[in-house]
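Here's a quick tour of a protein model, taken one neighbourhood at a time. Have the structure open and follow along.

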Amino acid sequence: MYNICGKINYKKIDVKPISINANEEEGEPESIARTKYLSEAKRKIWEVLFYCSSIYQCRKKAIIDYFAWPGDLASRECNLCDNCLRRASDNPVWVDIRTDVKKMLEIIKIITSEKQQITRNNVVDVFHQSQAKDVKNKFGELPVYLEKFSRKLKTKEDAFLLLDDLVLHDLVEEDIILTRSPTAQTFTCSIFIIGIADGAIAKANAEVWRYLIRTSR
Ligand SMILES: [Zn+2]
């Protein structure tokens, strides 16, 4: 089930899933239109996910910027919303996270080619070199998991935020799978990370990656 603020639990898929993957259902004009509709819906889900999980970005400014027309005056931070208040009390600093971006893309590229059904949690666990038994069992042999790496993003929340950011930048490809439960009339939503987009590393290198990060805890 998908919880609006970024916590996702996974259920084993035991019936044929409905995939919202833009690469499928090609051919008939009707199905192309449907694929486009689903693809846009999927992007909106990701935008909401990013909006919910960001902790220092002004909520009001984010919404104004989203609906802004080209040429509109620049919006300002409201200094009233939960994120503005948190920013004022945490005093975070801007940190260049380029090396973290490169590392996460490398992790995604490798683990999606070595293993099946890679989840967001898998990516973040490998990024954080989680010592949990199931993580070690699945990824413990991979050099990308083992090699020493000095992370700028210290918390899992920050790593999830970066992952969502990479998806929104079209650098990482994901798939959202809805599965109908065989006994109840409900759907389970699972998100799988498919891999990195063509030329993702070069595109990422050409962009500026700076995050507000709290330095004292
Ligand atoms: Zn605000």
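## Before we start

A word on helix axes: each is a line fitted to C-alpha atoms, over the stretch in contact, and angles run from 0 to 180 degrees between N-to-C directions. Keep in mind that this is a predicted model.

## The overall picture

The protein has nine helices and six strands. Of its 217 residues, 22% count as buried. Take the contacts between residues at least 6 apart in sequence, and 68% of them join residues at least 24 apart.

## H5, the enclosed helix

Helix H5 covers residues 120-127, and seven of its eight residues are buried, so the rest of the structure largely encloses it. The buried ones are Arg120, Asn122, Val123, Val124, Asp125, Val126 and Phe127. What covers them includes helices H4 (98-114), H6 (133-139), H7 (143-146) and H8, along with strands S3 (118-119) and S5. Just after H5, glutamine 129 takes a positive phi of about 45°.

## H5 against H8

How do H5 and H8 cross? Their axes come within 10 Å, at an angle of roughly 125°. That makes H5 oblique to H8, and the crossing is right-handed.

On the H5 side, Arg120, Val123, Val124 and Phe127 take part, and they meet Lys156, Ala159, Phe160 and Leu163 of H8. Sorted by class, this contact has six nonpolar residues, two charged and no polar ones.

## H1 against H8

H8 (residues 156-168) also packs with helix H1 (residues 29-53), at an angle of about 150° and with the axes 10 Å apart. Angles over 145 degrees count as roughly antiparallel, so that is how H1 lies relative to H8. H1 passes H8 in a left-handed crossing, whereas H5 passes H8 in a right-handed one.

H1 brings Trp46, Glu47, Leu49, Phe50 and Ser53 to the contact, and H8 brings Glu157, Phe160, Leu161, Asp164, Asp165, Val167 and Leu168. These residues divide into seven nonpolar, one polar and four charged. Phe160 turns up here and also in the contact with H5.

## The S4–S5 hairpin

Strands S4 (residues 172-180) and S5 (residues 187-196) run antiparallel, with nine bridges joining them. They form a hairpin, and six residues sit between the two strands. Arginine 180 has its bridge partner in S5, namely phenylalanine 187.

Technical notes:
Residues are numbered from 1 along each chain as its sequence is written. This is a predicted model: local features need pLDDT of at least 70, side-chain atom pairs count only at pLDDT 80 or more; totals for chains, interfaces and linings use all residues. Helices (H or I, at least four residues) and strands (E, at least two) are DSSP runs, numbered from the N terminus. Angles under 35 degrees count as roughly parallel, over 145 as roughly antiparallel, 65 to 115 as roughly perpendicular and the rest as oblique. A crossing is left-handed if the near helix is turned anticlockwise from the far one by less than a right angle, and right-handed if clockwise. Two residues are in contact if their C-beta atoms, placed from the backbone, lie within 7 Å. Ala, Val, Leu, Ile, Met, Phe, Trp, Tyr, Cys and Pro count as nonpolar, Asp, Glu, Lys and Arg as charged, and the others, Gly among them, as polar. Two strands pair if DSSP finds at least two bridges between them. A residue is buried if 20 or more other C-beta atoms lie within 10 Å of its own, exposed if 12 or fewer, and partly exposed in between; C-beta atoms are placed from the backbone.
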